[in-house]
Each structure stands twice: as structure tokens, then as C-alpha cells.
Amino acid sequence: MKSVPKGVWIVLAVSIALNMFCLGVFAARHTGGWRERGGHDMGPRAFLRHSGLRSAGPEVQAILKEQRGGVHDRVRALSEARKRAREALQAEPYDAARVEKAFDEVRGQTGEMQKHIQGVLSQVAGKLSGEQRKKLANALWLSRSDVMGP
């Protein structure tokens, strides 16, 4: 009986390890494990779900509906600023002044968006009970496992 060369065993081991890794990533993404650890469940919809604002009553819903357009405008402006920063970083030849200007714009748009959203949240918080404000605060600044539980 012939013995199997050592190189074949190494290739086989690497292949099995890569297959297991890919299977784990696939399983985590499709069973929710990825999101629970902060993968893809960290956006605005997840925030609304975990903060309790979706079920907070008609006054809160009216504020959120009224402010939705302003929030979307600021998100779009930030996205455009980031696009310009990406373009500035990739441009040849490298232009440090252009990059710095683009970064300044990203910082400015980020600040404007945060200021607007925090203003909306402050307005909403005035309509919430103490328990609802606690849930809102946890959704804003605690890890997702603190909000969603173990």
C-alpha cells in the first residue's frame, strides 16, 4: 500500500479549515448570529426596533414622520461628502489640500446629522415615560447584547 505524501495532507487540512470557516460565516449570516454580534443589525431600522420608538404612541410617531425627510436629507449629504472624500483619496496625483477639505466636509456633515438627530430624539424623549427613555438610552449607547438580552 502506498503512503500519502505529506503535502496532500496539508492541502486537505487547509481545504477543510477553509470550508468550515465559510460554512460558519454562512450559518452566522443566515441564522441571525451575525446580526446579534453587531454585523448587519446596527442600522436605523434596528435602532427603531430596539429603542421601542415604533410602539411609542401617536405623538412620537408624528414627530418621527415630520422629521424623517430632514434626517434623510442629512444622510444623503453625508453620503455625498464621503463619496467626495473617497474620490479625493483615490485621485492621482495625490492632493493633500483636496483630501483635507473633503475630510472637513465629512466632519461637518457628520456633526450636522448628529445635531439634527439628537434634536429629534430630545423632542421625542419629552413624550416618553421613564421606562421608555431608559430603553431609548440603552438602544443609543449600550451594546446590542445589552439591548437585546443574552
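Where pLDDT is low, the predicted coordinates should not be read in detail. For the chain, the mean pLDDT is 78, and 73% of residues reach 70 or more.

**Overall architecture**

- The chain has seven helices and zero strands.
- Along the sequence, the pattern reads α-α-α-α-α-α-α.
- Of the 150 residues in the chain, 23% are buried.
- Among contacts with a separation of 6 or more, 60% involve residues 24 or more positions apart.
- The accessible surface comes to about 11,100 Å², and carbon and sulfur atoms account for 59% of that area.

**Nonpolar cores**

- The largest nonpolar core has twelve residues, including F47, L53, I63, L121 and A139.
- Helices α4, α5 and α6 (130-141) each give two or more residues to this core.
- L128 belongs to this core. Beyond four places in sequence, L128 touches L53, A56, V60, R133 and L136.
- Another core lies apart from the largest one.
- In soluble globular proteins, nonpolar side chains tend to be buried together.

- Q67 is found in helix α4 (residues 58-90). Its relative accessible area is 16%, so Q67 is buried.
- Leaving out residues up to four places away in sequence, Q67 touches H116, V120 and Q123.
- H116 sits in helix α5 (residues 96-125). H116 is buried too, with a relative accessible area of 17%.
- Beyond four places in sequence, H116 is in contact with Q67, G70, V71 and R74.

**The α4-α5 loop**

- P93 is found in the loop between α4 and α5.
- The peptide bond from E92 to P93 is cis, with omega near -5°.

**Salt bridges**

- The whole structure holds six salt bridges.
- E105 pairs with R84, with the closest N and O atoms 2.3 Å apart. E105 lies in helix α5 and R84 in helix α4, so this pair ties together parts that are 21 residues apart in sequence.
- Both partners are partly exposed: E105 at 26% relative accessibility, R84 at 34%.
- E80, R84 and E105 are linked in a network of salt bridges.
- R107 forms a salt bridge with D104, the closest N and O atoms being 2.0 Å apart. D104 and R107 both lie in helix α5, three residues apart, about one turn of the helix.
- R107 also meets E100 in a salt bridge, at 3.3 Å from N to O.
- R107 is partly exposed at 48% relative accessible area. D104 is partly exposed at 41%, and E100 is partly exposed at 41%.
- Side chains of opposite charge can pair when their charged atoms come close.

**Nonpolar surface patch**

- W9, L12, I16, M20 and L23 form a nonpolar patch on the surface. Together they have about 540 Å² of accessible area.
- W9 is placed in helix α1 (residues 6-31). W9 counts as exposed, because its relative accessibility is 52% and the cut-off for exposed is over 50%.

Terms used: Residues are numbered from 1 along each chain as its sequence is written. This is a predicted model: local features need pLDDT of at least 70, side-chain atom pairs count only at pLDDT 80 or more; totals for chains, interfaces and linings use all residues. Side-chain values use heavy atoms; hydrogens and water are left out. Helices (H or I, at least four residues) and strands (E, at least two) are DSSP runs, numbered from the N terminus. Buried means under 20% relative accessible area, exposed over 50%, partly exposed in between (1.4 Å probe, protein chains only). Contact means heavy atoms within 4.5 Å. A nonpolar core is a set of buried Ala, Val, Leu, Ile, Met, Phe, Trp, Tyr and Cys residues joined through side-chain atoms within 4.5 Å. Patches are made of residues with over 30% relative accessible area and no salt bridge: like charges are joined within 9 Å, nonpolar side chains (Val, Leu, Ile, Met, Phe, Trp, Tyr) within 5 Å. Accessible areas come from the Shrake-Rupley method with a 1.4 Å probe; for residues, only the protein chains shown count as cover. A salt bridge is a side-chain nitrogen of Lys or Arg within 4 Å of a carboxyl oxygen of Asp or Glu. pLDDT is the predictor's confidence in each residue, from 0 to 100.
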